[in-house]
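Please look through the structure below, and then read the notes on its surface, its fold and its aromatic rings.

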Amino acid sequence: MSAGRGSVQSIIDEQVRRWELSSRERKKGRGLPDLAITISRLPGCAGAEVSRETARRLDFNVYNKEILHEIAESTHLSETVVRSLDEKVIPLMDEWITSLFLQPYLSQVYFHHLLRVLLTIGKKGHAVILGRGASFILPSRECLRVLFVAPLDVRIRDFAQRQKLTLEEAKRRILNVESDRRAFIRRHFHADMTDPSHYDIVLNTQDLGINGAVEAVQLAWETKRKVLAGGR
């Protein structure tokens, strides 16, 4: 379901408020870096469900493709997010965006806004970003990069149950979506989305389930925050 402009505005307003509060806490010498969490997933791994539950437990907002699309399409919403950065940081971010403009896809105005929004969220943290190649865009030190996987037959079975589909229809949909996601990452980032070297943690959700996967993500997030804070 696509998010409405009003609901997206409320999400942005709440996110900026959280960023401002977090910034004040850090200036007082309290708190660890508020890393964003980027989620990549093979279809059928319940990645969206894990993302929502992780965000709920951490009191984060979830940014999926619909919300990011709304932000990138709206100059007002885009600037609301980007303006939350320090003015000294914005030129550096623009340099990073320029370095990503290697493909025609990335040269479009829409994706310029999208990249600025993603990089801002990554810089400020306190958010879960689902898909959109965020794991390949955000610098490693500004996010926890997560990949969810599971055996194909498990993904087909679980997806069929959740969506009330036949196994054959579930298989067709999963293979089509997986092909699109792999092609997207390969075409625009020259990478294999299932290569574990691109992530901080790869989780097989077959036996973990949603609760186990959420707990693993939380632990990895806390651990990376402490490691980065110790290296300052």
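The protein exposes about 11700 Å², of which carbon and sulfur atoms supply 53%; such areas come from the Shrake-Rupley method with a 1.4 Å probe, and for residues only the protein chains shown count as cover. This is a predicted model, in which local features need pLDDT of at least 70 and side-chain atom pairs count only at pLDDT 80 or more, while totals for chains, interfaces and linings use all residues. Residues are numbered from 1 along each chain as its sequence is written, and side-chain values use heavy atoms, with hydrogens and water left out.

**Fold and burial**
- The protein has ten helices and five strands, which are DSSP runs numbered from the N terminus (helices: H or I, at least four residues; strands: E, at least two).
- Of the 232 residues, 50% are buried, where buried means under 20% relative accessible area, exposed over 50%, and partly exposed in between (1.4 Å probe, protein chains only).
- Among contacts (heavy atoms within 4.5 Å) between residues at least 6 apart in sequence, 75% join residues at least 24 apart.

**Aromatic rings**
- A search of the whole structure finds four aromatic pairs, meaning rings of Phe, Tyr and Trp (its six-membered ring) with centres within 6.5 Å, whose planes count as stacked under 30 degrees apart, edge-to-face over 60 and tilted for the rest.
- Phe136 and Tyr199 form an edge-to-face pair, at 6.1 Å centre to centre and with 85° between the planes.
- Because Phe136 lies in helix H7 (residues 134-137) and Tyr199 in the loop between helix H9 (167-189) and strand S5 (201-204), this pair ties together parts that are 63 residues apart in sequence.
- Phe136 is buried, with a relative accessible area of 17%, and Tyr199 also counts as buried, at 7%.
- Phe136, Phe184, Phe189 and Tyr199 form one aromatic cluster.
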